[in-house]
Amino acid sequence: MNTSNQQRETIVVIGNGMVGLRFCEKLIEFDRNKQYRIVTFCEEPRAAYDRVGLTSFFAHRDAEKLMLARMEWYEEQGIELHLGDRASMIDRKNLQVTSSKGVKIRYDKVVIATGSYPFVPPVPGIDKKGVFVYRTIEDLKRIIEYGANSKTAAVLGGGLLGLEAAKAVMDLGLETHVIERNPQLMPQQIDQDGSDILVSEIEALGTTVHLNANTEAILGNGKVTGIQFSEDNILDIDLIVVSTGIRPRDELARESGLEVGERGGVLVNDHLQTSDPEIFCIGEAALHGGMIYGLVAPGYEMAETLAANLTGGDKQFNGTDLSTKLKLMGIEVASFGNYQASPEVSQAIAYNDPIDGIYKKLVFSKDGKRLIGGMLVGDSSDYGMLSIMAKGDSDLPCAPHELILGKAGGAPLGDLDTMPDEAQICSCNNVTKGAICQAISDQGLDSVSAVKTCTKAGSGCAGCMPLVTDLFNLEMKKAGVTVTNHLCEHFEFSRTEMFAIIKTKQYKTFNQVIEKHGKGHGCELCKPAIASILASLWNENVLDDSHHTLQDTNDRFLANIQRGGTYSIVPRIPGGEITPEKLIVIGEIGKKYGLYTKITGGQRVDLFGAEAHQLPEIWERLVEEGFESGHAYGKALRTVKSCVGSTWCRYGVQNSVGFAIRIENRYKGIRSPHKLKSAVSGCTRECAEARSKDFGLIATENGYNLYVCGNGGTKPRHADLLVGDLDEETAIKYIDRFLMYYITTADKLMRTSAWLDKLEGGIEHLREVVIEDKLGICDELDQRMQHLVDTYQCEWAAVVKDPEKRKFFRQFMNTEQTEPTIEFVSERSQSRPADWQNEFVDLENFRMLDGRSFAEHEQEKDQLEWIQVGMESDFPIDGGSTIKYGKVQIAVFNFASKKEWYATQNMCPHKKAFVLSRAIIGDQQGTPKISCPLHKKNFSLETGESLQGEEYKIQTFEVKIEAGKVFLNLPSTNILDQQLATEIGCKLATHCSDHVAASAEKHANTKELVSAS
């Protein structure tokens, strides 16, 4: 039944932190009779946020991402929330709470959830400018602002929060020191041996750790300049973060006459009652059993216990599990169960590996039958299973040492699938395996974040997230679905995370990134993604030596690969405006090279059918005539479409063509997670279709309306209005920020429309970021965009002017000869590729010129000879080029990062296209491979076998290097021609030569006609 406010009891919750919010949530869940009205006071300017995940704010600078509940939720639940207003007095006699803003609320019950405050040691000079605590989002904002003008930072305190703070200031690019007065780090969680490993790993990251260091004074004249440890021991420092522990916020309880502990904390019983039976205390402010709990999990358990009791339950809080799992400065640290059990009741087994930086100590019952606790440093991958074992009463499923060293034969420690449903996965929120599985099934949850939102698993300390993720992936696997947002097997990070890493660490090459944050040698998935990030940040030429073999074939050859391995060329035509003279130039080029010509949907001209070695020659003519690259090949701005606007159209109200040209010239060449399209319409009749673009402008009488995140394609989406009636300068300012925010935060190959759909807060959040500078990052976004604009260069012109770059467009590295690689047919007075004979060319059906198959040839052991095919410098680093040997094309690969060379046939058997030398090289689970640029068919460089389980394979050849010369171990040209010179290759030499000659003759006749006219 519903009860009016006059009949309901009022509970005043003082404090809207993580624990205060959890109490509100649980009370609403348990209060089925609507017995209570909830009023809560929040001293901070924003509602409850994830204080455990505070460090992530340094990466995204978005407070909204840390929020634990939407503001609308409080309204929907009828919670009266007073933000930025501290409860300053509890009048126990008159049952009234008064706030600092003068709000007075009569109560029936009060719940104190005021948490704690950072303890700041009374060191001389601690009040100087440049000294900060690490507790709230506002604290972090101040650290970020001050850190922008600092070079060195020190963190006082080597506990959990101290190391979190050290990671934060290190990510700001500051030289970082950790100051700990004890002989070890994290004395509450790990022992001396674990600390030794942790110190070693932290210092390997470039942070200096000072143990047994007592800070005697903070030096400086008004602002911090150093720390004094003793008379002659001074450390020069610009910024200090104090993280030396916490103290309970019990001052309101003291002033109200409630009993508090001698060293602080509001005294409570097992029902969380204070000395006043109508006032309760939970979280870090509560003193229970002589203990203050500084973790979120006990606070959550207190909140749930109290909410249950206030709605008719009879639960007791008897202490709780203190397990923690964190990643501190990138180093995994975990402790669980009774990890500090005395030797009288336990035995321990320890594993210490200082070489790999791993320490594990497991504590067992005296008889060795049960696991009761443990600590893990450097590798906490088994934390989830081990912590569950420690909570249970069952005997071990194996010998104690096997929990550290593993079972014989590599069997897993435990099976998540057979784990009982009642097993607790999340101790912070008491979420069981069964609850998670049921939520995934019943509610159709399709992501780990959805599981977290729905069940609250992982929303506390987040230590259980690996286990939650494993459980989610297991359920998805059962349903036949595989989910991951990692770039690939080589990087266990999303694109967004990789962008942040590369930006923070200032990495400039792929090799730097994979050496520090990946494994293996990369592949066709991660190399282009990292290359795009590097281009988006530093805007170096994509064909520079350290970048060009990272690119997909389109970016590597600055043109779009088409059927058969030829390329199409799209010159930039800003806004779709072109002169007759430039149209004639395009026509002349098309005729000279026999190119198929078509108008694109983006108001440009596409020229199809160019061979890779022809590209620099074609670009040279285009550049001479004033054209630039149109970047149709890149994940970059393609076009800015326009209507004629007010210059010609009777309905036009703004000069849409002029603005479109300005926009296209500003953003040309900027690499992004996916392609970008834009349009400018001169009036609301919308002829340029601006609302179907990634960003579009529609003219009004007062300026332009700016729309974002639309697209056509398979899932059309109308763009959303970001802001209206803008002048051109303001519109460009907001487009700058929108694009850079997208480039910074989107996942790989994610269009703007999908990005906005997944962006928490949607268009409103985007508006707050771009227009209101909610995150305080607009200056950075502006500067990064201006850097990209200022460093633009036409990539075609760069190749034309650089002989070294032109060299890698040659068809063959060992000869200046060229030969056609595709058969053309005529259609509607133009040429196009002949139809593919088969959709699939398998190994059995693919016959050589002599009528025999690969298998039949491989049965023969022909005599081989070492043939020099070039010099090392002829072949790109970590890439391939083609050599000609008789009638055969062979792809030679310099796998420099692996220090190996490989060679294969150049023709991909899938579609008989001579393209394999243009493949991205990498590895797949350790096997060196190439990925065909046409359809991503992957082949082993060692065996030639398909790595996708398909039946066809490629021929491989032995390579050796002597004195800088490259040799292949080959049979005679006659024998190899019989094996690999395909029928199509022989026919093409005649057919395509005739075709080009005919085109040239037509071109000559046309030039005569033009001259005559």
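Helices here are DSSP runs of H or I, at least four residues long, numbered from the N terminus. With that noted, I opened the file, which is a predicted model.

**Entry 1: Pro616**

I went looking for Pro616 and found it in helix α19, which spans residues 615-624. Buried or exposed? The cut-off for buried is under 20% relative accessible area, and Pro616 has 3% relative accessibility, so I put it down as buried. Next I asked which residues Pro616 is in contact with, leaving aside neighbours within four places in sequence. My list reads Val799, Val800, Arg806 and Phe809. I also checked Lys801: its C-alpha atom is separated from that of Pro616 by 9.5 Å, while the two residues are 185 apart along the chain.

**Entry 2: the open sheet**

I traced an open sheet of 5 strands and wrote its order as β3-β2-β1-β7-β19, with parallel pairing. Which strands stand at the edges? They are β3 (80-83) and β19 (279-281); each has a single partner strand, so one side of each is left without a neighbour in the sheet. On average, neighbouring strands here are turned by 15° against each other, direction ignored.

Strand β1 (residues 9-14) runs parallel to β2 (residues 36-42), and 6 bridges link them. For Val12, I found Val39 as the bridge partner in β2. Helix α1 (residues 18-30) packs on the sheet and touches β1, β2 and β7 (109-112). The direction of α1 makes about 155° with that of β1.

**Entry 3: the nonpolar cores**

A reminder to myself: in soluble globular proteins, nonpolar side chains tend to be buried together. In this model the largest nonpolar core has 96 residues, and Phe23, Leu198 and Ile282 have the most contacts inside it. I picked Ile282 and listed what it touches beyond four places in sequence: Val19, Phe23, Val111, Ile112, Ala113, Leu272, Met302, Ala303 and Leu306. There is also a second, separate core of 63 residues, with Ile514, Val640, Cys709 and Trp755 among its members.

**Entry 4: helix α11**

In α11 (residues 433-443) I marked Lys433, Gly434, Ile436, Cys437, Ala439 and Ile440 as buried. Just after this helix comes Gly444, with a positive phi of about 60°.

**Entry 5: a hairpin**

Last stop: strands β37 (residues 824-827) and β38 (residues 830-833), which run antiparallel and are joined by 4 bridges. Phe824 has Pro833 as its bridge partner in β38. How many residues lie between the two strands of this hairpin? I counted 2, and Arg828 in the turn has a positive phi of about 50°.

Definitions and conventions:
Residues are numbered from 1 along each chain as its sequence is written. This is a predicted model: local features need pLDDT of at least 70, side-chain atom pairs count only at pLDDT 80 or more; totals for chains, interfaces and linings use all residues. Side-chain values use heavy atoms; hydrogens and water are left out. Buried means under 20% relative accessible area, exposed over 50%, partly exposed in between (1.4 Å probe, protein chains only). A nonpolar core is a set of buried Ala, Val, Leu, Ile, Met, Phe, Trp, Tyr and Cys residues joined through side-chain atoms within 4.5 Å. Contact means heavy atoms within 4.5 Å. Two strands pair if DSSP finds at least two bridges between them. Axes are lines fitted to C-alpha atoms, for helices over the stretch in contact, and angles run from 0 to 180 degrees between N-to-C directions.
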